[in-house]
Amino acid sequence: MDIRNEMELPEAEIRSHYAQALSLLNGFDHAPRLGRASVQAAPERSPGIPRRTSRFRSTTPGLAGRSTVRAEGIQLIDRIEGVGGDDLPSPAAATVARALRRALAISLAVVDEVAARSGAAELKRANLEGRLPGDRRAEFAELLAVESLAAMSVFANATAFLLAEHAGPETVEGITADEILTDNPTVALQGALWELDQNLSRAAFDDKTLIATVIAYAEALSAAVQARAETAPRTGSFTGASWRVAADDFPIAGFAPATKARGKPVQLAFKTPEEVVGNAIAKHQMMRLSRMLVAYDFDKRMNPFVELGGFIYTFLGDGKPGTGKTTLIQMMAGLINDYCTVAGYPFRYANLSIDNVDSYQGKSGQNARAFIDGVIDPSVIGFGTIDDIDQIAGKRGDKQSSSGQQEITAVLMEAFAGASTIVRGNATFGMFSNYAESIDDALRQRAGARFLIDGPKSRADYIDILALLLGKRHQIPVGEHDLMKAQAIKTAVADSLERHNQPQEAGLAKVWGEVTAQTGTLDTLAEFGTYLHAISQADERFTGRAIKNITDAIKARSMDFDMPDEWFESPEPFLHQPYARKLEMIEALRQPITREMIAQEINRYADSEWRYADNSDEVAIEEAVRNMERMAEAQKRYRGEG
């Protein structure tokens with residue numbers, strides 16, 4: 001929704017509902033109708049001593065200090081403050097309580113706005129005075145249902161929005177959102193709070209799971225209400241307007257949840273493309289991918305580059321230590337962060353590290369799943385990295401891999417190309433390794449693109465990196481050298497790609513020679529297919545998934561065009577355009593697929609697989625030789641010959 005069309009929800013109106021909101025949190029009675037009760041309400045922390053705020057009290061002498069809330073009474077603040085078992089509320093409990101009060105007050109203020117727009121306010125007065133016409137009772141019930149749905153939607157979205165910055169990586173399971181009542185807004189909110197209390201009793205055991213449970217329930221409630229609203233009549237009084245709470249920068253636009261990045265701002269030492277020397281293809285494609293990501297449309301929850309082809313969901317960067325993998329990660333994260341800042345999009349960066357491998361059974365898999373879910377969250381632009389993946393994800397069948405590493409491998413394989421994988425185009429994952437041959441074959445093949453990160457190679461590269469890292473606080477002249485000219489991206493990429501007109505690995509070059517001796521220059525799909533078949537016969541690990549990755553890379557090459565810089569300097573020219581318009585703008589720049597592209601991408605991919613296979617076999621042979629040598633030496637010593 002365009003900010004210019006939003007109405008400000010006055011702060012005074014919101015605060016006027018604080019007392020009612022706090023009353024709901026302090027206590028009310030609720031008999032569930034749709035949800036299933038699993039526990040009783042939280043007991044008073046100190047029986048016989050009331051809370052600071054007043055409750056209904058009995059007028060019978062001697063019973064004035066006893067709570068009149070029945071066994072099914074709900075005291076949500078007591079539940080929140082009791083998490084963790086401490087006699088005093090924790091900072092997290094106070095944060096949650098204040099966020100819930102604020103969210104309830106915002107939802108009640110919006111209900112007043114909706115009632116005024118729909119005409120329900122007048123019908124409410126008529127109903128109270130007993131003069132509501134019989135022929136308008138059905139309309140009245142429908143308007144109350146709209147107010148109820150609006151109240152629950154705003155409450156859920158505001159709660160998730162207000163607590164987003166306090167969220168951690170914890171996830172909770174078994175969250176329910178069944179008590180969706182539409183009698184009136186008060187009953188609807190009571191039903192929502194009752195079910196929140198039920199979820200907290202099952203899933204919240206400490207401060208971290210407290211916040212995680214409240215956010216998970218808010219998201220589940222928002223989704224459930226949004227689904228119910230699809231068939232509800234007369235919702236235009238709510239969906240036809242939009243509001244903004246200025247103090248929280250919280251937008252309200254119908255039943256759609258507001259987007260806000262969870263956690264703290266990205267803490268990373270960003271690098272600019274000018275600070276990356278060498279690695280031309282990897283640098284070029286990561287710069288392209290950064291711009292592809294922010295073309296994502298939050299309303300449609302899809303990226304035009306996914307629909308047109310060429311979006312890179314997973315990629316693998318491999319190279320020797322010290323060749324620039326970390327610098328490339330910092331560069332790409334910095335570019336995405338800058339573009340998201342211009343567009344006003346939430347950006348989330350996460351890294352799966354060796355710290356996520358846990359000795360407890362199942363915990364490593366949960367950590368990996370939380371990492372994946374955080375990055376692919378459709379309400380953010382996500383960039384996830386797995387640095388040194390050969391240490392984190394175990395090779396199946398490798399006795400040296402721990403059960404935790406095996407769990408992570410299974411989760412990553414399902415997330416990257418499993419039956420339930422949905423690529424929306426808002427997130428990408430980069431796997432990086434110094435020893436890519438140590439990665440499980442099936443997991444490695446789930447990388448849609450391969451970047452050889454080989455660092456500076458030429459004399460010019462070494463001069464450039466020396467000058468760059470040395471800085472400017474010296475008087476030493478550069479000499480006969482045009483500084484950074486060799487890093488001109490178009491020239492460097494063209495030179496790098498031309499090298500792949502012919503295979504680089506000896507084994508693949510032999511296959512290439514045999515095929516081209518029979519077919520001549522590869523010009524047709526049949527001839528390229530013959531080449532692919534010959535590769536598969538020479539290397540059994542070259543399967544149908546390899547063909548998919550190659551064709552994805554070819555499509556990405558057809559999308560390898562310069563999007564105008566002005567598209568990313570302000571949001572209006574491109575970033576905030578409707579999805580259909582973005583699609584048209586991108587499609588107009590798409591390039592045709594050529595024979596050279598096909599040959600180069602086949603050779604690039606096959607070269608990398610051959611390199612991994614050769615290195616893997618060589619490492620295994622060297623390890624076997626060392627074991628044999630050690631055993632031979634041990635036998636000599638045992639026999640006393642040493």
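Modeller: A residue is called buried when its relative accessible area is under 20%, exposed when the value is over 50%, and partly exposed in between, using a 1.4 Å probe and protein chains only. The model is predicted, so local features need pLDDT of at least 70 and side-chain atom pairs count only at pLDDT 80 or more, while totals for chains, interfaces and linings use all residues. Residues are numbered from 1 along each chain as its sequence is written, and side-chain values use heavy atoms, with hydrogens and water left out.

Colleague: How many helices and strands does the chain have?

Modeller: Helices (H or I, at least four residues) and strands (E, at least two) are taken as DSSP runs and numbered from the N terminus. Counted in this way, the secondary structure of the chain comes to 24 helices and 10 strands.

Colleague: How do helix 10 and helix 12 lie relative to each other, roughly parallel or roughly antiparallel?

Modeller: Helix 10 covers residues 280–293 and helix 12 covers residues 325–343, and their axes come within 9 Å and cross at roughly 25 degrees. Axes are lines fitted to C-alpha atoms, for helices over the stretch in contact, and angles between N-to-C directions run from 0 to 180 degrees. Angles under 35 degrees count as roughly parallel, over 145 as roughly antiparallel, 65 to 115 as roughly perpendicular and the rest as oblique. The angle of the pair therefore makes helix 10, relative to helix 12, roughly parallel.

Colleague: How many nonpolar residues are there in the contact of helix 10 with helix 12?

Modeller: Helix 10 contributes residues including A282, M286 and L293, which meet a group in helix 12 that includes L328, I336 and Y339. Ala, Val, Leu, Ile, Met, Phe, Trp, Tyr, Cys and Pro count as nonpolar, Asp, Glu, Lys and Arg as charged, and the others, Gly among them, as polar. The contact of helix 10 with helix 12 has 1 polar and 2 charged residues, and its nonpolar residues number 12.

Colleague: How far apart are the C-alpha atoms of F28 and L193?

Modeller: F28 lies in strand 2, residues 28–29, and it counts as buried because its relative accessibility is 7%. Leaving aside neighbours within four places in sequence, F28 is in contact with G73, I74, Q190, L193 and W194. F28 and L193 are 165 residues apart along the chain, and their C-alpha atoms are separated by 9.7 Å.

Colleague: What share of the chain is made up of buried residues?

Modeller: Among contacts in the chain with a separation of 6 or more, 79% involve residues 24 or more positions apart. Of the 642 residues in the chain, the buried ones make up 48%.

Conventions:
Contact = heavy atoms within 4.5 Å.
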